[in-house]
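Okay, everyone, thanks for making time. Let me put it up on the screen.

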Amino acid sequence: MTPEKINIAETSFSATLTDSNKTVFKASDPIDIGGGYQIIPIRPAYSTYYSNETTKKSKIVLHFTVGSIKGDIATLSKKDNKVSVSYVVDRQGNIYNLFDDTKWSYHLGSACIGGNTDMSKASIGIEISNFGPLKLEGGKYIDAYGNLYTTLPEMVDAIDYRGYKYYAKMTDIQIDAIAYLLQYLCKKHGIPDTFKPDTGTPFASAVLAKAFNGIICHTDVRKDKFDFPPEQTRQIIDRFNTLFHPVPAPKLEPKVEPIPEPVPDEVKPSETSIETIADTPATLAPSPKAIEDTKNSSIIDIIIKLILALIGKR
């Protein structure tokens, strides 16, 4: 099925709530979760596709459906099957809730690391409506059912993972809806809003799988699955962190300009300073005029003494 036909099918399901088996679902009041997104609870006339047992949740598991919304909903709500998930997110960003997320259904398979029952009970499953792995044949991207998906490379992620080299892209609005749903569920259930660091690499043991609290993918607990390739999981992680854990911009310290040393003006003596200097006794050598005056005074004294001596002889 091509993306154009998928879009038509999603619009039709949103309007009629009728799946590919002609089962009609009834919607209840939507739940706002931020960002303009809503959870739309929908239910068929029966509830035998999940267990009504309430269980403690410590994980969220991401899957993709390898299909489109009408078939996805039909598969996940089969009577008496008990293989389902609480949430399905389509390419238009619609979030459908199939049963209360405090309940559970099998969604991990018998080969699940940690055990299908224990891990399914401890986790909330989210199916992302997406055709998943594709093969390139003669310029055409072919889906898992042998049908044409697209001829446009921009509709595909080139990812080499577990036997496939191409995967159908998620839409931006779909990734946004997933991010807001994850944040809502983590807050509601007290689940750490962190992803398994080495996403796409299975847990090394059942003990580690059971002990992990946070967000994982089907490929983290199954060696034989391809939902999700790590590169696509990182698209979700990047958007989630941008919305809810943005990296703060580096704090810029204010630039302090050095204060220049003041340049003194040309010193000009004031009247006060002149007076002060005049009142201060001179300690410097006498001036030439003073020396000359002293010499003149001594000559006069000698002449006077000679005159007085001559007068006295008479």
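Let's start with one lysine: where is K225 found? K225 sits in the loop between β13 and α6; helices here are DSSP runs of H or I with at least four residues, strands are runs of E with at least two, and both are numbered from the N terminus.

Before I go on, a word on the source: this is a predicted model, where local features need pLDDT of at least 70, side-chain atom pairs count only at pLDDT 80 or more, and totals for chains, interfaces and linings use all residues. Residues are numbered from 1 along each chain as its sequence is written, and side-chain values use heavy atoms, with hydrogens and water left out.

Back to K225, then. K225 is partly exposed, with a relative accessible area of 29%; buried means under 20%, exposed means over 50%, and partly exposed is in between, using a 1.4 Å probe and protein chains only. Leaving aside residues up to four places away in sequence, K225 touches R162, H218 and T219, where contact means heavy atoms within 4.5 Å. From the C-alpha of K225 to that of G200 it's 9.7 Å, and those two are 25 residues apart along the chain.

F228 is in the loop between β13 (214-217) and α6 (230-244), while F64 lies in strand β4 (residues 59-64), so their pairing ties together parts that are 164 residues apart in sequence. Their centres are 5.0 Å apart with 75 degrees between the planes, an edge-to-face pair. For the cut-offs: rings of Phe, Tyr and Trp (its six-membered ring) pair if their centres lie within 6.5 Å, and planes under 30 degrees apart are stacked, over 60 edge-to-face, the rest tilted. Are F64 and F228 buried or exposed? Both are buried.

Next up, F203 and F212. With centres 5.8 Å apart and planes at 50 degrees, this pair counts as tilted. F203 is buried at 9% relative accessible area, and F212 is buried too, at 16%. K196 lies over the face of F203, 4.8 Å from the ring centre; that call needs NZ of Lys or CZ of Arg within 6 Å of the centre and within 35 degrees of the ring normal.

How many aromatic pairs turn up in the whole structure? The search finds 20. Ring pairs also link Y37, Y180, F195, F240 and F244 into a cluster.

Zooming out, the chain has eight helices and 13 strands, and buried residues make up 42% of its 314 residues.
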